[in-house]
Amino acid sequence: MAVKLSPDQKQATIKEWQAQVKQLLGQVETWAKEQGWEVARTKTKIQEFELPPYNTQSLEIRIADKTRAHLEPIARFTLNGKGVVELYGWPGLRRVRLQPAKTNGALTWIVMTDSGIPLHQPWNAENFYILVNDLVA
Amino acid sequence: MAQSYFRRLLGVRSEYGAAREALDLLLRSWDDLSFAPKNPITPADAKRALDNLDFTYFIRLHAEFESILRDEVSSKGGAPKAKVRQLESQALRARGIRPGSVNRALINRLEAIHRYRNSVAHGAAPGALVAFADALRDFNTFIVHLTP
């Protein structure tokens, strides 16, 4: 997908994407803490073909001694998508991909399996816990 | 170090994903292609490449795992041995870990993966079919042992 953006459009795109990611990380951080899981943030620098390098954050969720889940923004520009954030288990690296979407004007996330099949489950705390437990199982 | 090892494995998965999307897109749009492919490939070639992709990238992933083990042994001043099972033991010992102390189920799965890799790469007796995602899980679970 070739994207031609002016420098101003690029900056606006980055800003919007960073805000979406920030909102997601805050939401997941709250859900994780409610479950009693420890959470740590890491700064991440992303380089995409269509955009200048930009900073964002990743989340590490400690489920048990050596079991973790990671929430990691991958890119704003993807085929058929408006951004992708990966949620994966550690150390097994099983993953799902989260793609932003709007429902009644509000930001939500569509969960896609590794083979590109949408789960058709609402993005909420309950489903997040199920997903994380499946990813680290 | 283990953090970059993990990134190397994920890099292979990303390439695999890109190759799958590219081949899938090529096949779906074959009749509407607005450019001539540089090589005289047929839809059957593309279909065969897609059908074998899991298999192809399994081999790539296995090679990356072996390369990581070699790098690990070398970084600790050792001389990497040729066989992957020996490399696993060398890498563990270099970290002061007794190979026998590693989860037996994981070691058994890794053995099955290596047998499968040999069966497809060298025409040896076939092992059980191993999916790319399962190999990735087990390789990274082993590599976690190399975390300081």
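Two strands pair if DSSP finds at least two bridges between them. The views below come from a predicted model.

**View 1. Strands β1 and β2 of chain A form an antiparallel pair.**
Strand β1(A) covers residues 38–48. Strand β2(A) covers residues 51–62. The two are linked by 10 bridges, and a pair needs at least two. One bridge to look for joins A:Ile46 to its partner A:Tyr54 in β2(A). A hairpin of 2 residues leads from β1(A) to β2(A).

**View 2. Strand β1 of chain A is hardly covered.**
How many of the 11 residues of β1(A) are buried? The count is 0. To be buried, a residue needs 20 or more other C-beta atoms within 10 Å of its own.

**View 3. Chain B is built from helices, with 0 strands.**
Chain B has 6 helices. Along the sequence the pattern reads α-α-α-α-α-α. The C-alpha trace of chain B spans about 60 × 35 × 25 Å along its principal axes. Chain B has 148 residues, and 22% of them count as buried. Now take the contacts in chain B with a separation of 6 or more: 58% of them link residues 24 or more positions apart.

**View 4. The largest nonpolar core has 45 residues.**
Which residues touch the most other members of this core? They are A:Ala69, A:Leu87, B:Leu61, B:Leu69, B:Phe132, B:Ala135 and B:Phe139. Helix α3(B), residues 53–75, gives the largest share of the core, 7 residues. In soluble globular proteins, nonpolar side chains tend to be buried together.

**View 5. B:Leu61 touches several residues, including B:Leu9 and B:Val12.**
Leave out residues up to four places away in sequence. B:Leu61 then also touches B:Phe132, B:Ala135, B:Leu136 and B:Phe139. B:Leu61 itself is among the core residues that touch the most other members.

**View 6. Helix α6 of chain B runs through residues 132–143.**
This helix has 12 residues. From first C-alpha to last, α6(B) reaches 16 Å, close to the 16 Å expected at 1.5 Å a residue. Which residues of α6(B) are buried? They are B:Phe132, B:Ala135, B:Leu136, B:Asp138, B:Phe139, B:Asn140, B:Phe142 and B:Ile143. An α-helix has 3.6 residues a turn, so residues three or four places apart point the same way.

**View 7. Chain A meets chain B.**
Here 6 residues of chain A are in contact with 7 residues of chain B. On the chain A side, the touching residues divide into 3 nonpolar, 1 polar and 2 charged.

Definitions and conventions: Residues are numbered from 1 along each chain as its sequence is written. Chains are lettered from A and ligands numbered from 1 in the order in which they are written. This is a predicted model: local features need pLDDT of at least 70, side-chain atom pairs count only at pLDDT 80 or more; totals for chains, interfaces and linings use all residues. A residue is buried if 20 or more other C-beta atoms lie within 10 Å of its own, exposed if 12 or fewer, and partly exposed in between; C-beta atoms are placed from the backbone. Helices (H or I, at least four residues) and strands (E, at least two) are DSSP runs, numbered from the N terminus. A nonpolar core is a set of buried Ala, Val, Leu, Ile, Met, Phe, Trp, Tyr and Cys residues joined through C-beta atoms within 7 Å. Two residues are in contact if their C-beta atoms, placed from the backbone, lie within 7 Å. The expected span of a helix is 1.5 Å times one less than its number of residues. Ala, Val, Leu, Ile, Met, Phe, Trp, Tyr, Cys and Pro count as nonpolar, Asp, Glu, Lys and Arg as charged, and the others, Gly among them, as polar.
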